[in-house]
Structure formats: C-alpha cells, structure tokens
Amino acid sequence: MARALINVPAKAKRGEIIEIKTLIQHEMETGFRVGTNGQVIPRDIITDFICKYNGEEIFRAELHPAISANPFFTFFTVATESGTISFEWSGDNGFAVSETATITVE
Amino acid sequence: MTHDDDIVHATRRRFLTDAAALAGSLGLGLSLMVTPARATPETMRAAIKKVIGEASLQKGKVKLDLPPLVENGNVVSVSVSVDSPMTATDHVKAIHIFNEKNPLPDVLGVRLGPRAGRASFSTRIRLADTQTITAIAEVSDGTFWSASVEVIVTLAACVEVL
Amino acid sequence: MSWAAVVALVGVAAGATAIAAEIPLSERKSGYDFMGPDTRTMQDDDTTNPGMLWVLDGEALWKRKAGTANKSCADCHGDAGTSMKGVAARYPAFDAGRGRPIDLEQRVNICRADRQQATPLPFEGKELLALTAYIGRQSRGMPIETVNDERTKPFIEAGRDLFNRRQGQLNLSCAQCHDDNWGQKLAGAPVPQGHATGYPLYRLEWQSLGSLQRRLRNCIVGMRAEPYAFGAPEYVDLELYLMWRARGMKVETPAVRP
C-alpha cells in the first residue's frame, strides 16, 4: 500500500480549530511525458482525496495532473468531538488508500 | 521565402522552445517533441466559466500565496485562504485553482463547509512555465471571488536523462 | 539543457585557469543555505518532508525478515535509533574485506548477501533508498566524521583527483563550479558548494528521493561526460572525498533540494 504520512493533533479543546497535514507517496504521472521509447507515458494520478470526521466529510479535493508528486495537503477543521478522522485517496488504475487517526476532544 | 513561411517558422520555433521548456520542467530531456496542446488564457477562461457559470468574478477576500520566484516548477508551495466566518449561513463552499500555461487549465478543486473553521489550505503544484495562477472561491451566498498571482518559474540547470 | 546554460558553462570552462582552490573550512555552507524559505520549511518539518515517506518505508523494511536466513535487520541490529546512530555520518567507510571504502548502499547489500542470504537490492530501487534514508535519518544533526587514515587516504586522494579533473564535452571539472563559482547563478539557479550532507534526499527535480550517485550522474551528464555505472568504485571514491570535504558539517538526511 502506498505510504501515507498523517499529522493530526492527538488532543484538542472543544471548538478549537486544528490543522491536519497529509502527505501520500504517489508519482502523479501526468500523462504528458514521453518515455525513452517515444511513447506517451499514460496518466496515473490520484484524482480524489476525502477527509471525514466521525463519518462527516470535512475536506474534499479533486486533483488534476498539475498537483505535484507525493500530494500534500494541509487544511483545518473544528475539533467538535472525540473520534476518528478518516482519509481516503482514490485515483487511476484503481488506486485506493485509506488511513485513520484518532482525536480526543476535551 | 514568403512572408507566410516566416510566420510558420516563427510559430514552430516558439512551439518547440515552449515544448522544450515544458519537457525540461517535467524533468525529462527530450529529443523527440510530442507535445500536448497547452492551456491558454482562453481555455483557462472557459474552465473558469464552467465553474462560475454566468456569475461575475469579484476581486477580494481571497489570498493566494505563492513564492514569486520558484526554484523548481515541479514542486511549488501554494496556500489559499479566504476571508470568511465559516458559519452555517456564511461560508466558503469551494476553492478552485487555475493556471494558463500548463497542458490543462485546472489545477485543483477543494470542497469545504462550516466544519472547516477556516477557509484555508496549502498544497504543492506543478507549474510548466512563468505564468499567472488564479484562485476562485465560491461562497454560500452564490458569489465568486478571485485572486491572481504571477509566478516566475526557473528550470533546474542539470536536467536528468532517463 | 538550455542554450543559455551551455553558453554559461562554456564561459566558466574557458575562464578558469589553474587548479581550483578548496573552500576554507569556515566558509563552507550546506546546500540548505542556498534554498528559498519554502524549500527549507519542507526539509525542516518531518510532517511535511516528502523524504520521510521513504524513511517510514525503511522503518518497516528494517523489521521485515528476508532471505534464506529469514532474518531482519532488527534481528542483528536491534533498534536502529540506537544501533545506527552516527553510522551514516562516517560513511563511506573502509571495508577490510574488500580492501577499499564502500558506501552505505554497498554496506546494506553486503549484509543482505552475507547475513541474510538474500539477493542484493538494486541501486536506486525503492527498498534500498528506503533503508539508506532510514539509516541516514538516525544520524541527522550529527557532524560528518569521515575517517582520513593511512587506509582511506589514497581513496580520498583519488576522489579529490576526480573532483578536480576536467571531463566531458564541456571540459569542466566539479571544482570549477562548486569550489570556484559557488554562489553564482547557472541558468537561474544558484550554484551550491556541493556538500553531500543530506543524502539520500528528496530532489524537487526528481519528485522523488534519490541517492548521491544519482545526483553525481546528473552532474556528469550535465557536463556532457559519460556517467559510470551505478556502484562504480569511482563514485565511491568521489563520495568519500565529498564527505571528507564536508567533515564537521551536520547530516541533514533526508534533505530536500531543488
């Protein structure tokens, strides 16, 4: 499975705005490069990234080839309750990776 | 040589140097140029129109942060933040990023809601050439706001041969 | 490479005269100092450094059993945080068995062959990069401590000769850019001093983590010279000289560079 690096604060105060950082290993082949054999290398990118907080979507991104390899996103959410923050990446050639992190909200 | 030949040669030369710049910035030394059509200000406008429809684009609220001089077009840090209280009745629904010189005009579409707390995110994008990047925010009241930044993209000196 | 860069390189080649002078120890600067703030932030923060993806892979590989001996690195070396601390800071190191210095990639493969009875990992492959990044990470912040004794001295000298030797169609030596013209611009990018403090590193140009040998090959091709094959002794001699040249500077692995 492609390696993902996720950073979510382990603890937060209720109502606090927290920053979430995500990084996933993926070449994001644009579909515009020509290989040494003269053929265009087919596109192979992550197309969607969804982050959910206890099942509710809090951040969604639609990626195009212009997103750099090893896609990186940082974004914010309000720490509402303790629970699970889930991350799903999907893309070309059936690419699908899921990760989760837990957060304790006081 | 006729005047028409001159125009054809000039266009072809610019096309090839632009393609070489694109290839160079994508990290490949190419001897054979097979190049895609590239985005132009027109295709970017068309891509923006698909998002905003008939609404007008207002300047303001959106802060688009890009380094003015980029060390490598393959990885350019971008931050977008929009001035918004992010409440249920007044929040940013989406933020789109567009460019005018990559092969495609769309870069990224981000969906947000009141749970974000802050209409702000960062990512890393690829830029093929010195160009203008535009970020557009869609607000819950149906209005669209934008900001643009001109970025200078230099190429790495020693390009790899695969 | 653009024509402007070629002209610039030829200008450097034509203008340089005698043997390049080595940079005084107190004037040495890491490639980090030549980067913009965004790239530095990318390196400094472990949560955003793309090189860390390989380090995490290396951590997993460290514990994976391999070969007919069915042993993992951890079975002999235990916790890498303890056993590998300072190791990358003194590589390339002299290998008595081979009578010459070897680099970290070769050291890992010797362990795989001799101790794990496993096939060597291909150079520049994902696994070898992950392991060397993980091992290198354990020395981060420590000073480079290359040994210069009667065993390594001839190889450091061989590496120094390579560094100063003009080669390729542009008749350029490494020293002409990295000793004589560091800090100046080549096709819009600043020329660093060429200290190998952060390898393997995430190069924005590659959009991937890569080894020092990969970077040396880029330069050699850029000089329009024929690169050696991966693992060639010439590279190891050059790596050894570069680490000697960078002695005392801090390990930055996994670094980020344009």
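Select Tyr202(C): Val256(C) in strand S7 of chain C stands opposite this residue. Strands here are DSSP runs (E, at least two residues), helices likewise (H or I, at least four), numbered from the N terminus. This is a predicted model: local features need pLDDT of at least 70, side-chain atom pairs count only at pLDDT 80 or more, and totals for chains, interfaces and linings use all residues. Residues are numbered from 1 along each chain as its sequence is written, while chains are lettered from A in the order in which they are written.

Stay on chain C. Show strand S5, residues 201-203: two bridges join S5(C) to S7(C), and the two run parallel. Two strands pair if DSSP finds at least two bridges between them.

Next, select helices H8 (153-164) and H11 (233-245) of chain C. Their axes come within 7 Å and cross at roughly 95°. Axes are lines fitted to C-alpha atoms over the stretch in contact, with angles from 0 to 180 degrees between N-to-C directions. H8(C) is therefore roughly perpendicular to H11(C), a term covering 65 to 115 degrees. Among the residues that meet are Phe155(C) and Phe163(C) in H8(C), and Tyr241(C) and Trp244(C) in H11(C).

Move to chains A and B. 28 residues of chain A are in contact with 31 of chain B; contact means C-beta atoms, placed from the backbone, within 7 Å. Show S5(A), residues 56-63. Four bridges join S5(A) to S6(B), residues 106-111, running antiparallel. Finish at Arg60(A), opposite Arg111(B) in S6(B).

Terms used: Two residues are in contact if their C-beta atoms, placed from the backbone, lie within 7 Å. Angles under 35 degrees count as roughly parallel, over 145 as roughly antiparallel, 65 to 115 as roughly perpendicular and the rest as oblique.
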